[in-house]
Amino acid sequence: MTDTLLFRGIDEPGLNTIDVYERRGGYKQLKQAFATPRDKLIAQLTESGLRGRGGAGFLMGTKASFIPHGNMQKYVVCNADESEPGTFKDRELIQKNPHQLIEGVIIAAYAIDASISYIYIRGEYDQQADILDAAIEEARQRGLLGENILGSGFNLQLELFRGAGAYICGEETGMLDSLEGKRGNPRLKPPFPANLGLFQGPTLINNVETLSTLPHIVELGAASYAAIGVKDSAGTKLVSVSGNVERPGNYEVELGTSSREIIYTMAGGPIDGRAIKCWFPGGSSVPVLTADDLDVSYDYDSIEAAGSMLASGAIIVVDETQSVVELAYKLAKFYAHESCGKCTPCREGTTWTLNMIERIKAGTATPMDLEIMASVQEQIIGNCLCPLGDAMAEPIGSLIAKFRPEFEAEIEANRAAREQQLVSEFASAEVAIEGVSG
Amino acid sequence: MSDGVAKVLRFTHNSRIPGWDRAADLDKAPAVVPEPATTELPAELRAAIEDGVRRFPEGDSAFIPALYAVQQQYGWCSPEGIEQAAAVLGRTPAALSAVATFYDMFRMEPFGRKTVYVCTNISCSLCGADELLEALEQRLGDEPDVHLRGFECLGACDIAPMASVNGVYVGPIPLDEVDELSRQVVAGEDPLPARQLLRRPCADSKAAGE
Amino acid sequence: MPRPIEKLVKLTINGNDVQAPQGMMLSEAALKYGDVEIPVFCYDAKIGPPVGACRMCLVEIEGLGKLQAGCSVGVKDGMVVHTDTQQVKDAQKAVLDFLLINHPLDCPVCDKGGECPLQDNSFGYGDGLSKFVEPKRHFEKPLALSPLIAIDRERCILCYRCVRYSEEVSEDDQLVLEERGSNTYVTTFDGHPYVAPFSGNIIELCPVGALTSRPYRFRARPWEIEQAGSICTLCPAQCNISFSVRDEIVLRVLARDHKGVDDGWLCDKGRFAYQAIHVDQRVTEPLLRDGGELRPVTWELAIETTAKLLSHAGANTGALVGGETTNEEGVLLTHLMREALGSHDLDSRAGGSLDLELLRALSEPSLQASVPDLQYAHCVLLLDCEPVDDAPILDLRLRKGVRHHGVKLLIASSRPSALDRRASHSARFAPGCGAAFTAALDAELAGQPSDALAIAAGADPANLKALASELRDAGEDVVILWGERLTAGPRREQGARALLNLAARLELAGRDGAGLLEIPAGTNSRGLREVGVLPNASIGLGDAAASGRDAQAIGEALASGELTALILLHSDPLLDQPSSQLWQRALGKATSVIAHAAFLTPAVREHATVIFPAESYAEKEGTIVHPDSRLQRLRRAIARQGETRAEWALLAELAARIGNDPQVLTCSVLSARIFDAVPFYKGLSLDSIGGSGVRWTERDAAASFPSAPAAPFALDDAPAAASPNGLLRLGSFRSIWASPEVEASPALAFLHPRQRVEIAPVDAERLGIAQGESVTVASNGSSVTGLAEIRAAAQPGTVFLQSAIPEDSAALLEGPLVEVKRG
């Protein structure tokens, strides 16, 4: 295992201040980046093999190379709307090492020649936003933001924008609409943000972790960075491990580490030696894997080959004591609540699914409802405007596929319980009536 | 509608949103862009909104900062406050209310100024969030100045089950500390200082050592 | 921005080769060029770019993994599309399944039933079965969204059309979505009604029965009505409409989408004022004044009396012709006046006649911009007009140009404009000083001193310079949209000359996509001028055999007794003419006043000797001319109401009785005679005009337009704008809602304007006037009252009042300065 990169010295007191960050060598990479021609810098990013850490896993350098040249106003937007359930790695980066992110933003903006940048942070991260705001102000004071940064002739404004509580604003175009002061509805693609993004200008959008990696790529060089990890999954990845484990938290791992090592060795595995029923390898929006998949290498392609996605890099562990119906209920409730309502399959499909699971819980569902629920998931997948509909349908579909007997058993048990309750209510009502008449 | 509203006496299933049953009040004037010459607002609210406009000059980017300013001023996004913001921004109040109602953190009715959001999403619920919320509801449910609600993933699954108390992340919260936390919330004290997220080291042992 | 050039590409749809313009959205191209329907809900090209929300239009495109939304994919060369595969059918069924889970399916009691896209698509593409067994949600319904529109939220499928319309087309931003996900609903802010000049369009846009017309609700089923295409004559915009008729009653007006005229939209006056056709207060029989009282008489008695009165007055007759008069009626009126009575005192313009040479120069074919030019020009300059009041539908066209085609909008007006927010620059001048302002603008563009002229116009010289600079840098395709008021009033000829100089300076003549576009005061003002309903022109804008009095002079001659009789053809001088005081005197003095009117407006009610019932626009046939030179055809949709007769026939009959029979047997004969007599209409026919009209300036016969003098014209020194000196400059405007038809339509009663006194905050403070309080405006012994309306955008030193309203009209005051005080 290589040394940590993003988490290097993360708990050093005062790392969030510019003095400590600079003492540790911060903002040096920025000078180096400014000394590199833009196209070379982008080529370096591409060669590093860095894939976007927000979820889609698109090659960061390639994305940057899509930004058109020309005099139009270009933008960099950092997606700090970390709202994928189970994911909390960006929070730790922002809170403890904000200048690493700011340096990354400046490098990215320089690479694509953007003079305006925003960090869109979720509104709930109030404390982190305050820390980041202070850091931005420090950077401004030191001339690292504003006009003619470090004498490079490059200008950049950076503003922190606080969201107001909507999961969908983590979707890049929903975030753009929100940043433009609208309801955070995702946009139709194409046009892609690289061409027509924020305020219809070319826009590079990257996640906090991705941008925080840039100073390290500049420092190490593309080849050295690419050497970390495995083929097509270069570098280290911050993994948020949560759920039924002994030591939940963020771990920086080299891509290609075994999933079992992350879950058991690092995070301690389930308490009391319980078995794992299933686990989400990349936040709640991906198909679940089971205990049989624990030896899968934790990298983009291997997880995909196993039938799921690495996505935001959040592992949620569910132990054997948990109910899959309850799990599906939490999922459906979340996605129905967070659906923006713009497109039909997601808006109606998530709510419909929630209604059906509520009926399973209430004991009024039949095995046929399970069939309907499975078919509704199929009706959603691939038909929506943005990934949110699929984000519910994929995990719920996988739960039904992998745990059908448990669903059926719970439907039957709840139905029987309800019948029993009705009978006893009826009986006590009869007693009461008898009592009256007698 | 004056000409015969049919009272539907069937289900009100899914009727979680009061607005669905709301007709327009035909005695009201249409809600056009408020006239800046005749719309008065507190100076501090105007300053806060104008600061948002200064920081986010393009498009309607200043909407969300303006709504935060209104909520800060009135405790909620009151119609009066939205109209005042609309006058400063030169937009219709509807353009603002459409945005405000989209986001979970804007409230469209008066609520307690002390907020307690309890995460009830997957990771937290796997660790007992539902029980935590229930316990807090028993203690804080009737407190007029406290706004307690279950919330979707707050991005702190490492301290599950957790809550955000006036923006301060606290967790894991054992059920036997709910009494103490509730008392602190009502008294306006720092919530469970030892359990605040900001004091928590990174889980990754490699990162800590250097 | 010039019009996009269409390049055809080849693609394959369901195995068939199709040619379509590159970039056209697939769902549109498939239908238009491939005869393949891709069902849609949320998409409608006229609202703007697609949003891909409803997902009804999913299709398979080879080479792309997922199904694509056909509404939002531009067609490309070599594209291979399938709309009939199992995967596509499954997706269509899935979307309808989802849409119907909460739709109440109350089609038997739904107004939309029979003309409902949701019904049609469910029938065409749905499964016929639903797996949904949960209870549907139910709510109170219908609810009022406004006095005109009912909303039924159960039926709403959240297609976004109405709210996108409100945000992106009418830009009134009043109708929005609130909440999120499946709780999303269409609403207004805090229970305010959705009242805006173009609100009714959302009824037609709604693909389900969620938004319905309250006046039309439950009046008819689609299969019981007939659609009758015609033209709305309630304003100069002349939108193409379709009357929904049941049993000879107009129950509804729908848009008849014409890209060259209305772009498929209507204003609420055009959509709802059809109610005035069928109200009790409409005049539907001849009335004769008998001892001060108007009483119904037979047609014979009315015609006989009129013939006698007019014969008696002879050449001492004057005539005012209103804008709703057709070309045919106008021509017969000129025949009656000139040939039968020997009088040349007739006018269709208010505010004084314009030198014929200038009139020709302004109407010169090479200088005429079209309505679509407003959308594609590099720059549009609004000069002394307010589209939303003067020709409402153009307001939407301008917004579209700015929003979607990058048109630079510049505004020069004396009253703040509804379009100011969309303009790159707005400049203000003192009311009535449009001529001086235009001259100043021209001087500035020419690099000559402009400050003195700007100050004379009551404008800020720096602001004028900024406007000129924007105009200079705007590009070549400039359209000047100007209001007739620029060429009315005492400085009218200066206004015309300055405008022509400006057009010449910008080299607009002969340039495609550039030019002048006038918004005249009356619906058919352009046609009436072209057929010679002017004191100084004959048919075809030819030289007049003899020159007559203009409207102002007719009023003065009546007041002095030189004229004794007055014909009012769809005209009420107390509403339409600038000075009510003059016309009160003139009407009081006139021996006989013959009116053709549908409503007893003030002058008609108080002064008419004989009143002939005027046809409504749904009963009329004939031709009119759009301000951009498009001849359009009115067609009868319903039988004439009551005793009403065709007015062309009446005018012909009157001329015959007086002794000069124009020899017309049908209206179409008369139309043909006009096409023959106007050189630049030569070769037109009613058939060629058809349902979509013909712009005569685009035809070869336009070369026969009488020659006009060329700019530059010499200008007089402009007199300085009145200095307020404690008083305020008086400006007036005619609201979109100021019309007898609006007043008579029950559904629009809530819109009928009350006088409001618009002043700037500084003047309000100085005069101690608070918002909404009662204010008196006085000059020269007459005064009007209204409610104070303090506007930050109003010009200091100026007060604006409405004209053309029955009470407290601005026309009762004599400018230029008035006194404003509380109480």
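Chain C carries 26 helices and 36 strands, counted as DSSP runs from the N terminus (helices are H or I of at least four residues, strands are E of at least two). This is a predicted model, where local features need pLDDT of at least 70 and side-chain atom pairs count only at pLDDT 80 or more, while totals for chains, interfaces and linings use all residues. Residues are numbered from 1 along each chain as its sequence is written, and chains are lettered from A and ligands numbered from 1 in the order in which they are written.

**Chain C overall**
- The C-alpha trace spans about 85 × 65 × 60 Å along its principal axes.
- Chain C has a radius of gyration of 28 Å, which agrees with the value near 28 Å for a compact globule of 823 residues (taken over C-alpha atoms; the rule is 2.2 Å times the number of residues to the power 0.38).
- Of those 823 residues, 61% are buried, meaning 20 or more other C-beta atoms, placed from the backbone, lie within 10 Å of a residue's own.

**Where C meets B**
- Chain C and chain B put in 38 residues each, with contact meaning C-beta atoms, placed from the backbone, within 7 Å.
- On the chain C side, β6 (143–144), β8 (176–178) and β9 (185–187) each bring at least two residues.
- β8(C) gives the most, with three.

**Where B meets A**
- Here 42 residues of chain B touch 54 residues of chain A.
- Several elements of chain B supply at least two residues each, including α2 (63–74) and β4 (168–170).
- α5(B) gives the most to this side of chain B, with four residues.

Terms used
A residue is buried if 20 or more other C-beta atoms lie within 10 Å of its own, exposed if 12 or fewer, and partly exposed in between; C-beta atoms are placed from the backbone. Two residues are in contact if their C-beta atoms, placed from the backbone, lie within 7 Å.
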